[in-house]
Amino acid sequence: MEVLAPAGGSEQLLAAVRCGADAVYLGAKGFNARRNAENFDEDTLPETVAFCHARGVRVHVTLNTLVTDAEMDALDEEIRAIARSGADAVIVQDLAVAARVREICPQLQLHASTQMALHNAQGVLLAEALGFSRAVLARELSIAEIRRIREKTSIELETFVHGALCMSVSGACALSSMLGGRSGNRGLCAQPCRLDFRAGERGYALSLKDLCAFEHLQALADAGVCSLKIEGRMKRAEYVAAAVTACRQALAGEAYSLETLRAAFSRGGFTDGYLTGKRTLAMFGVRSQEDVAATRKASAALAPLYRRERQSVPVDLALTIRQDGASLSATDGQARAEASCGAPQAAAVAATDEARARASLAKMGGTPFFLRDFSFDSDGEWVLPSAALNALRRDALAALLAQRETPLPHAVHPAPRQALPPFACAQPPAIRLRFAHAAQLWDGTFALAEHVILPLAEIDEALLARHGRQIIAELPALVFPLEEEKVEAKLRALVGAGLEAALCENLGGLGMIRRLGLRAHGGAGLNLLNSLALLQAQALGLADATVSFELSMAAIGALRGTLPRGLIAYGRLPLMRMRCCPLQTQGGCGACPGGGELTDRKGVRFPVRCDARRYSTLYNSVPLNLAGEQTAGVSFITLYFTVESARECQRISRSFLAGERDDAPRTRGLYYRTLL
């Protein structure tokens, strides 16, 4: 299996390569999920790729943020720069970015970022259909679930084995953007989850320990994983060195030091709770002053791990000695280099034989090479002094390394972007009502709305018989592999009862809807942020889509194309989708009624609601409410009800439609703010 290491900057890159990474992932200056790391610019990226390739290390470049229409020219330039560098793959979240990579440089391999929240077989299959060669799986999966995905798909699977764990499923978190205007989907997460959110008396209820899964590498191999990913592009080089070293040792069946890893960086220890399916309070942890002191103390001891070149490239040498001169040929199996020197000396006592020559030439320390095969040919009894042999080796290997470091750029196509028409829609926008429970409906609900959206589990045949054409079934935001068949069976049964449409929040749900031939509606969880992404979603079969609530109203109005689009105009927005519930107690879920709340350090309360003990959702403390605001440029608006009673749903709906604003706490979200 590939050991894939983070390289947030040049020092971290050295640590990764010299400690044995088979591949590194790094960011260019824009459009990567760690924009605050050192990263690599257009000038340093080619030499960085060349350095890695010369040492047999692959380079994956992160293009894993959402982009706006205004950034498309810059995105195209970055894709071209990556292609010119000769990098091996790009890691992508945005459907538009994937499309531009395919058009500009189809030679670049596409890897689906963990930000795409691929957590089931249907999602991975759809990514494969989109041209991705690898899926970076969601971190929340167990080994058994990874195995199930492998059984149903064929592209490469990559999974995290060490480093920080987000509380939310990646790509399904808006906490940083909603609380501070810094979007994790745009590479600027401020990590508010690491602050002291409290669940009752328990503090730091949104902070998980770091992952360490090195004891499970064989099980991951058996499950079909091809790449072992280490998190940490914002961490120090010593951390990278320690993690890569331990991973290599674990792969070789050797002992590794958990204490060294903990000293390098931890949050009160490590967890493997997701991989083992033990999602308990033992997974939670916070970085203490003791952890910080241990890291400071360990740094000096870890630095020697990457001071010297790692001899990882096999080379074959052929020494030829003739009366008129000697030559040394070096090859790695593809590239070849030679060095020569003057005439040898006649042997007075002992000639330079094969054994002596080999012993001298095999001393390749300080280079990335090690001797694999050696051949010797001499036409007499000659002596080459050690200095001459050393010079031959040095010159031949330097020339070979220079060849290996020659950049090999990929072909780039002009690929002008498709001109999309301005979006035209009827005004005023249609009204959709989304409910968390059928009990929130009231008499007259369906008279107010074009469509009513209900969770799949809340729909029955009687409701479909009365209002089937208006109902859209909302698939669970997360459908893990061992539940896919059950959810699809429920959806299929409702199709038989007259269901015509379903809504999805990720690619896995869209794949399921497509399989059953339903009309597909895209939820805000698809993170559609630009016109090209809408076009790609339309090509995948969406009838319409709710755009990301991280977009400004001005940007929404400027989106182009023909796909009908809408926005959430009322509701407590989902800030996190969590598989390890922060409300659990030492006894687990116990008698939990399926919900509760977290309180931040200022005393603000955030509702948490459970979905059948499969996952939970953290909602914003106050509802978004655009009553009385202009919502031009969209086909529909959705009132998104979560924790409200039926009476509250009725009152809010009627007052919203009347354009009335009440005195209740509310937010206008990010629609009228500048998002970083």
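Is Arg-404 buried or exposed, and what is its relative accessible area? Arg-404 is buried, with a relative accessible area of 18%, where buried stands for under 20% relative accessible area, exposed for over 50% and partly exposed for what lies in between, computed with a 1.4 Å probe on protein chains only.

1. Basis of the note. The model is a predicted one, in which local features need pLDDT of at least 70 and side-chain atom pairs count only at pLDDT 80 or more, while totals for chains, interfaces and linings use all residues. Residues are numbered from 1 along each chain as its sequence is written, and side-chain values use heavy atoms, with hydrogens and water left out.

2. Arg-404 and Asp-332. These two residues form a salt bridge whose closest N and O atoms lie 2.5 Å apart, a salt bridge being a side-chain nitrogen of Lys or Arg within 4 Å of a carboxyl oxygen of Asp or Glu. The pair links distant parts of the chain, 72 residues apart, with Arg-404 in helix H14 (residues 386-404) and Asp-332 in the loop between strand E12 (325-331) and strand E13 (336-341); helices (H or I, at least four residues) and strands (E, at least two) are DSSP runs numbered from the N terminus. Asp-332 is buried as well, at a relative accessible area of 15%.

3. Other salt bridges. The structure holds 37 salt bridges, and through shared partners one network joins Glu-2, Arg-58, Arg-134, Glu-156, Glu-158 and Lys-229. The side chains of Arg-198 and Asp-196 also meet in a salt bridge, at 2.8 Å from N to O, and Arg-198 counts as partly exposed at 30% relative accessibility.

4. A pair within one helix. Glu-77 and Arg-80 meet through their side chains in a salt bridge of 3.2 Å, N to O. Because the two are three residues apart in helix H3 (residues 72-85), about one helical turn separates them. Glu-77 counts as partly exposed at 45% relative accessibility, whereas Arg-80, at 16%, counts as buried.

5. A four-stranded sheet. An open sheet of four strands runs in the order E24-E27-E26-E25 with antiparallel pairing, and two strands are taken to pair if DSSP finds at least two bridges between them. Its edge strands, each pairing on one side only, are strand E24 (574-578) and strand E25 (595-599). E24 pairs with strand E27 (residues 615-619) in the antiparallel sense over four bridges, and the bridge partner of Pro-574 in E27 is Tyr-619.
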